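Here is a short report on one protein chain. Please look at the model first, then read on.

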Amino acid sequence: MFDTSHDISTLNGLIATTIDSVDGYRASAADVDNPRFAQMFTARASERSSVAEQLRAEVRRLGGTPEDDGTALAAGHRAFVNLKAAVTGRDDKAIIAEVERGEDHLKAKFEAALNDSDLSPQCRSLVEMAYGSVKSGHDEMSRLKHTLDA
């Protein structure tokens with residue numbers, strides 16, 4: 001029987017980080033003033049929620065218990081962002097910069113998993129599929145940030 005513990009651990013780490021992304025997008029949708037940005041963030045939160053559920057389903061299939069919460073680090077980061085927003089006021093450009101920073105972190109986590117030679121082929125395939133969503137979101141937020149910086 002194949003030892004699935006490494007796959008389960010890797011997927012649970014990605015689930016936690018993806019949940020952080022969902023939470024970040026939802027918070028950003030609530031904080032941003034531009035309704036177009038709010039709709040964009042809400043759509044990304046929904047998409048990321050779907051990705052997290054696909055990863056959870058695989059953990060269950062492998063016999064593990066899927067992660068159902070984000071990371072403590074992200075909770076601390078959100079508290080800082082909320083404090084920063086309270087002090088500086090709601091600034092769409094600053095919110096988008098924070099979203100893009102979160103996307104950089106998420107993308108790096110998925111890339112590290114993809115570079116993990118110990119992942120099973122089936123797990124790698126699922127991570128590659130999920131990475132498509134992550135990369136698309138990252139690139140969209142990066143373009144948006146740079147458009148606002150111009």
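## Salt bridges along the helices

A salt bridge is a side-chain nitrogen of Lys or Arg within 4 Å of a carboxyl oxygen of Asp or Glu. Lys 135 and Asp 139 meet that rule, with their closest N and O atoms 2.8 Å apart. This is a predicted model. The two residues are four apart in helix α5, so about one helical turn separates them. Lys 135 is partly exposed, at 32% relative accessibility. Asp 139 is partly exposed too, with a relative accessible area of 24%.

A search of the whole structure finds ten salt bridges. Another one joins Glu 98 to Arg 101, at 3.3 Å between the closest N and O atoms. Both residues belong to helix α4, where they sit three residues apart, about one turn of the helix. Is Glu 98 buried or exposed? Glu 98 counts as buried because its relative accessibility is 16%, under the 20% cut-off. Arg 101, at 45%, is partly exposed.

## A linked network

Arg 44 and Glu 47 pair their side chains in a salt bridge of 2.9 Å, N to O. Both lie in helix α2, three residues apart, or about one turn of the helix. Arg 44 is buried, with a relative accessible area of 9%. Glu 47 is partly exposed, at 30%.

Which residues are linked in a network of salt bridges? Arg 44, Glu 47 and Glu 140 are.

## The nonpolar cores

The largest nonpolar core holds 20 residues. Five of them touch the most other members: Leu 11, Leu 14, Leu 55, Phe 110 and Val 127. Helix α5 supplies the largest share, six residues. A second core is separate and has 14 residues, among them Val 22, Val 32, Ala 45 and Val 99.

Take Leu 14 as one view into the largest core. Its neighbours within four places in sequence are left aside here. Beyond them, Leu 14 is in contact with Leu 55, Lys 109, Phe 110, Ala 113 and Val 127. Leu 55, Phe 110 and Val 127 are also among the core members that touch the most others.

## Thr 18, a buried polar residue

Thr 18 sits in helix α1, which spans residues 5–31. Thr 18 counts as buried because its relative accessibility is 1%. What does Thr 18 contact, leaving aside its neighbours within four places in sequence? The partners are Arg 48, Val 51, Ala 52, Leu 55, Leu 106 and Phe 110. Of these contacts, Leu 55 and Phe 110 are also in contact with Leu 14.

## Confidence in the model

The mean pLDDT of the chain is 85. Residues that reach 70 or more make up 85% of the chain. Which element has the lowest mean pLDDT? Helix α3 (residues 72–88) does, with a mean of 52. Helix α2 has the highest, at 95. Where pLDDT is low, the predicted coordinates should not be read in detail.

Terms used
Residues are numbered from 1 along each chain as its sequence is written. This is a predicted model: local features need pLDDT of at least 70, side-chain atom pairs count only at pLDDT 80 or more; totals for chains, interfaces and linings use all residues. Side-chain values use heavy atoms; hydrogens and water are left out. Buried means under 20% relative accessible area, exposed over 50%, partly exposed in between (1.4 Å probe, protein chains only). Contact means heavy atoms within 4.5 Å. A nonpolar core is a set of buried Ala, Val, Leu, Ile, Met, Phe, Trp, Tyr and Cys residues joined through side-chain atoms within 4.5 Å. pLDDT is the predictor's confidence in each residue, from 0 to 100.
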